[in-house]
Amino acid sequence: MTPEKSKYNYIKIESIADIDPIKLSISQIQQRYIDKDNNRYALRFNKDTRRIEILKLVGNHFEVIPHVSSPHPTEAPKPSQNQSTTVPSPPTQISEGLKSNPILGKLVGIQQQTQPNAVEKPAEVHSENINVPPEENLMNEDVDLNIFEGEEPPSIQETFSHTGLLNTPDLPTPEEPEEKTNPEPNLTLGEESNEKTAFQQIEDFIKLLTTYRERVTAIIRNLQSSRIFELTGDPSENKNIVGNFAREMEAQVFEAIDKMVDLHKEMTSYPRPITYYISKAPAEKREEMKFIESDKEKLNRLHLFEMQRLSDIIVKDFKKLSLQLLNILNLKNDIQVKQLQYANQLMYVDAKNASLYFAQDLDKTILDIENWKQSK
């Protein structure tokens, strides 16, 4: 594809040496270049080094080109007169008598081995400096570059595909294998299987109850924001009916959820003596504990029993109050709803619909808890 057909305007240059990223500013970061060999180049800002880098666009990839300090690196530096006239001195003639000395012989051998290496090193360095990566095919399309990514610049031979062009995340470091610890030290009921452990079931129901709490809070907030009981109806009507319902929900359900969570943390992490929990259990549970020898097993059974009991009570209280909420919402008819402003109407309708769905979900949860209690 020729530069004229591209969405970018290419600046013609003789070679890559004409681009000095040190002299460029951020305002020039979108510029692109093309040299006499039709090689295309782009720029990007590296956040880590705080410098502008040159990218060579090759096929469906790009390469980071290291900055060359010399403006025309193709011209080989002329050797100075001292270098041209300097001739390596011939090796020192060692007499056969000195070579026969075992100590001096070793020193002479080391000197003779190091001299050729010292002469060959500049040639190796020179060959490295003039090594240029081979040219590749031109890219078929221009690429949108994210010029402000801060990844480490890859080596010249390393290429990236379009999928991760300049947006390639850092490779994840291998994590050390974590030691498998038992997060539920007091709940190891049953053998390992595909079924959830007692601890996981308790955690799931606590999360579910917390979600229900958030849903009810949002319903009450929308109902209060609609102001339907303040703006419509008989003046003798209770204008604070929603506020009274919110306080009742807090006292009966929300506080019970907090106590359940606290008891779960206590019995899991820092339990009291087992006799304390046995004394709080009903009579049939106390009789059951007499046939269990291990205190740990007793604590596991009592923990599971308390969580199931509290979950059952909380969900049924939720259900009772959700029906009370629906009765409150049904006090208003469509004519009164239309008296509100449009935004207030939406809040009221959202609260009513959410209350209907919430009551249906509670029915399913009540059945799930009954199955949970019988699955022990």
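The protein chain, as predicted, has a secondary structure of 11 helices and five strands. Of the 376 residues in the protein chain, 33% are buried. Among the contacts with a separation of 6 or more, 66% are accounted for by residues 24 or more positions apart.

Helix H4, which covers residues 198-226, takes part in two of the helix pairs described here, with helix H11 (residues 342-374) and with helix H9 (residues 295-329). The axes of H4 and H11 come within 9 Å and cross at roughly 160°. Because angles over 145 degrees count as roughly antiparallel, H4 is placed in that class relative to H11.

With H9, helix H4 packs at an angle of about 20°, and the two axes lie 11 Å apart. Since angles under 35 degrees count as roughly parallel, H4 and H9 are therefore described as roughly parallel to each other. The crossing in which H4 passes H9 is left-handed. On the side of H4, the residues that make the contact include Ala-198, Ile-202, Phe-205, Leu-209 and Tyr-212, while those on the side of H9 include His-303, Leu-304, Met-307, Ser-311 and Ile-314. When the residues of the contact of H4 with H9 are divided by class, 15 are nonpolar, two are polar and one is charged.

Helix H9 also packs against helix H6, at an angle of about 170° and with the axes 10 Å apart, so that H6 and H9 are roughly antiparallel to each other. The contact of H6 with H9 has 19 nonpolar, six polar and four charged residues.

The side chain of His-264 is joined to the side chain of His-303 by a polar contact of 3.1 Å. Apart from neighbours within four places in sequence, the residues in contact with His-264 are Phe-199, Ile-202, Glu-203, Ile-206, His-303 and Met-307. Of these, Ile-202 also belongs to the H4 side of the contact between H4 and H9, whereas His-303 and Met-307 belong to the H9 side.

A further buried residue is Phe-45, with a relative accessibility of 10%, and its place is in strand S3, which spans residues 40-46. Phe-45 and Ser-25 are separated by 20 residues in sequence, and the distance between their C-alpha atoms is 9.8 Å.

Most residues other than glycine have a negative phi. Asn-38, in the loop between strand S2 (32-34) and strand S3, has a positive phi near 65° although it is not a glycine. At 40% relative accessibility, Asn-38 counts as partly exposed. Arg-227, which is found in the loop between H4 and helix H5 (228-231), likewise has a positive phi, near 60°. The relative accessible area of Arg-227 is 40%, so this residue is partly exposed.

Methods
Residues numbered from 1 in each chain as written. Predicted model: local features only at pLDDT ≥ 70, side-chain atom pairs only at ≥ 80, totals over all residues. Heavy atoms only, no water. Polar contact = N/O pair within 3.5 Å; in protein donor to acceptor, adjacent residues only side chain to side chain. Contact = heavy atoms within 4.5 Å. Axes fitted to C-alpha atoms, helices over the stretch in contact; angles between N-to-C directions. Helix = DSSP H or I, 4+ residues; strand = E, 2+ residues; numbered from the N terminus. Parallel < 35°, antiparallel > 145°, perpendicular 65-115°, else oblique. Buried < 20%, exposed > 50% of the residue type's maximum accessible area, 1.4 Å probe, protein only. Left-handed = near helix turned anticlockwise from the far one by under 90°. Nonpolar A, V, L, I, M, F, W, Y, C, P; charged D, E, K, R; others polar.
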